[in-house]
Amino acid sequence: MDTFIYGIDFGTSNSAVTIWNATTRAIVRDDRIAGVDASFMYFPYTTRRIAPALGNAARQRYVEDGMRGRFFQAIKTILPNTSFTQTIINNQDYTIEDLIAIFLQHLKARADTVTGQDVKRVILGRPAVFSAVAAEDELAEERLHRAARQAGFEEIHFQYEPIAAALAYESRITRPERVLVGDFGGGTSDFTIVQLDPARQGRTDRMADILATGGLPVAGNKYDAATMWHKVTPVFGRGATYDSWGKQLEVSDSLHRKICQWDQIVFLKDAKTLDFLWRLTGLSSDPPAFERLTALIKENQGFALFQVIEAAKIALTTGVTTPIDFDHPQIPIHLRMTRSQFNRYTADLTTQITTYLDQFLASAALAPADIETVFLTGGTSLIRSLREEFITRFGADKIRDGNEFTSVAEGLALSAPLFFPELHH
């Protein structure tokens, strides 16, 4: 009987599972596990404990149900958050481990249908840094480990996601290369410098080949938040004034800051906030804007609006202008955004990433000229302004692309011999 090991890339935005056959020393290709699944989870409102909808199906159900239940996106970003211990869904307590275990179980079940076995060995991807605070970083990995155990795995190993991406790239090259891997997801931007060599593929100890790893928690979701802040919040009254005892005062932007994270909007649905908005509707210089903001909160439309914002960001990776159209009857939004506007809105984020990159290279005592190849992976790597920064530093001829969404999962499977050498004699 063949022996299998799973590679699971549980991502902020998307997740994937791959299978390594340790007996034949090859990746198992199968349509049932090809591609990625959105890292979404949706619990419809009910009085009993039920299995949530997962992946792309979760988004569909959530929208069909009028966005009334509990919807989770980017659960991975909660892992290092010490203040999050549990949440109540339909009168039941769920820890962060419970939620992630449900998703890992779903990925495991899909792979089990391919192998026909209850596979207990897994290599899980993790970012180079969950958090810059060491204790939070440790907590995040422990929680992910517990979730994997809960999902039915017994032998659990972690691999840095950018290293996994590098190993996926190594399977395609013919000569040694010193490679900078940039893995840009929804939650983190991770970097690794690694010495790759097709002749060393499948070796069990590659630690000496990893020259540097690092990362920062700035990635795709923050680009969406910046678009919301600069482009869309004026539609909801940012910058408006209101009458206070005969004086015109500017409305504080604290509410508008909160709506830049769609999952925080639900917390504004309290009597005090809604009463304040009702008063602003009467007293402000832009009553319709505050009616729209009230509807956004009451009708739970944050997620749907951010889907439109994300789609605009993606459209600008290929086009130079894009509409931002939102058709909810109480929240009609019809804007246009150009790529140069988007670049301006997000310039500070791109600068944060490139400043980190420059420091990262300097601390590894390497110059851009010392890097032979730059391998970019993850959906955020397609943002033009960010990509231009890499071209400026390294030259267009050095840039290579991964299969943006599945290279990490593939590299996790290719990591199997490193973690289970006893199976590869």
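Trainee: How far apart are the end C-alpha atoms of helix α5?
Mentor: They are 17 Å apart, which agrees with the 18 Å that its 13 residues, 220-232, should span at 1.5 Å a residue. The expected span is 1.5 Å times one less than the number of residues. Helices here are DSSP runs of H or I with at least four residues, strands are E runs of at least two, and both are numbered from the N terminus.
Trainee: Where do these numbers come from?
Mentor: This is a predicted model, where local features need pLDDT of at least 70, side-chain atom pairs count only at pLDDT 80 or more, and totals for chains, interfaces and linings use all residues. Residues are numbered from 1 along each chain as its sequence is written, and side-chain values use heavy atoms, with hydrogens and water left out.
Trainee: Back to α5: how many of its residues are buried?
Mentor: Ten of the 13, so to speak mostly covered, where buried means under 20% relative accessible area with a 1.4 Å probe, protein chains only. Among them are Y223, W229 and K231.
Trainee: And S415, where does that lie?
Mentor: In the loop between α13 (407-414) and α14 (416-419). S415 has 0% relative accessibility, so it counts as buried. Leaving aside neighbours within four places in sequence, S415 is in contact (heavy atoms within 4.5 Å) with I123, Q159 and L167.
Trainee: New topic: what is the strand order in the open sheet?
Mentor: β6-β5-β7, with antiparallel pairing; strands pair if DSSP finds at least two bridges between them. β6 (53-54) and β7 (70-73) each have a single partner strand, so one side of each is left without a neighbour in the sheet.

Notes: Buried means under 20% relative accessible area, exposed over 50%, partly exposed in between (1.4 Å probe, protein chains only).
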